[in-house]
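Here are my notes on this one, point by point. Have the model open while you read.

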Amino acid sequence: MAFLSLKVEAKNGRKRTLYCEAEYLVTYGNLIDLNEEAVVAFLDRVAPFACYPYFRSLFANLDWAATTGLPPLPVHKEPARPRASNLQSAANTPPKRG
């Protein structure tokens with residue numbers, strides 16, 4: 001299982017317009033006899049995708065109820081990973097001198 005705490009706030013200048021904080025417990029079955037490092041890596045990568053749509057929906061509902069008209073939160077995406085070819089070319093490029 002993984003515990004996640006998600007927060008977002010909207011400000012107009014220095015004034016806080018809307019604040020939303022929620023805590024989630026994400027559980028998966030069949031992970032009992034697996035390597036602990038693998039389970040932690042799995043939860044770190046997958047758990048945010050499991051609960052973020054619910055948080056996004058909660059924020060949208062609070063925004064609607066508060067009539068603030070804020071844009072929806074963005075879709076949660078995994079950070080782009082550099083391709084192996086980009087890593088190799090970066091390793092072969094001499095450092096810039098300035």
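1. Glu78 comes out at 34% relative accessibility, so it counts as partly exposed. Bear in mind throughout that this is a predicted model.

2. Staying with Glu78: where does it sit? Glu78 is in the loop between H1 and helix H2 (84-92). Once its neighbours within four places in sequence are set aside, Glu78 is in contact with Arg45 and Phe49. There is also a C-alpha separation of 9.7 Å between Glu78 and Pro48, which are 30 residues apart along the chain. If you want to see how this loop is placed against the rest of the model, I'd begin with those pairs.

3. Now the overall layout. The protein has two helices and two strands, and in sequence order they run β-β-α-α. Of the contacts with a separation of 6 or more, 48% are between residues 24 or more positions apart.

4. On burial and surface: of the 98 residues in the protein, 18% are buried. The protein exposes about 8300 Å², and 55% of that is supplied by carbon and sulfur atoms.

5. Which residues have the most contacts inside the largest nonpolar core? They are Leu4, Tyr24, Cys51 and Phe55, in a core of 17 residues. Strand E1 (2-12), strand E2 (15-26) and helix H1 (36-66) are the elements that give two or more residues to this core. H1 gives the most, with seven residues.

6. Cys51 deserves a look of its own. Cys51 is buried, at 3% relative accessibility. Leaving out neighbours within four places in sequence, Cys51 is in contact with Leu4, Leu6, Tyr24 and Val26. Two of the names from the previous point, Leu4 and Tyr24, turn up again among those partners.

7. While we're on cysteines: Cys20 is buried too, with a relative accessible area of 1%. How many disulfides are there? The count comes to zero.

8. Next, the aromatics. One aromatic pair is found in a search of the whole structure. The rings are those of Tyr28 and Phe42, with centres 5.1 Å apart and planes at 75 degrees, so the pair is edge-to-face.

9. A bit more on Phe42, which lies in helix H1. Beyond its neighbours within four places in sequence, Phe42 is in contact with Tyr28, Leu31 and Ala47. For Leu31, the C-alpha separation from Phe42 is 9.9 Å, with the two eleven residues apart along the chain.

10. One more ring to check: Arg16 lies over the face of Tyr19, at 4.4 Å from the ring centre.

11. Two backbone spots are worth a click. Asn30 has phi near 65 degrees, a positive value in a residue other than glycine. Asn30 is in the loop between E2 and H1 and is exposed, with a relative accessible area of 76%. Thr67 is the other spot, with phi near 50 degrees, again a positive value in a residue other than glycine. Thr67 is in the loop between H1 and H2, and is exposed at a relative accessible area of 70%.

12. Last, Pro72. Is Pro72 buried or exposed? Pro72 is exposed, with a relative accessible area of 61%. Pro72 lies in the loop between H1 and H2. From Pro72 to Ser57, C-alpha to C-alpha, the distance is 8.7 Å, and the two are 15 residues apart in sequence.

Methods
Residues are numbered from 1 along each chain as its sequence is written. This is a predicted model: local features need pLDDT of at least 70, side-chain atom pairs count only at pLDDT 80 or more; totals for chains, interfaces and linings use all residues. Side-chain values use heavy atoms; hydrogens and water are left out. Helices (H or I, at least four residues) and strands (E, at least two) are DSSP runs, numbered from the N terminus. Buried means under 20% relative accessible area, exposed over 50%, partly exposed in between (1.4 Å probe, protein chains only). Contact means heavy atoms within 4.5 Å. Accessible areas come from the Shrake-Rupley method with a 1.4 Å probe; for residues, only the protein chains shown count as cover. A nonpolar core is a set of buried Ala, Val, Leu, Ile, Met, Phe, Trp, Tyr and Cys residues joined through side-chain atoms within 4.5 Å. Rings of Phe, Tyr and Trp (its six-membered ring) pair if their centres lie within 6.5 Å; planes under 30 degrees apart count as stacked, over 60 as edge-to-face and the rest as tilted. A charge sits over a ring if NZ of Lys or CZ of Arg is within 6 Å of the ring centre and within 35 degrees of the ring normal. A disulfide is a pair of cysteine sulfur atoms within 2.5 Å.
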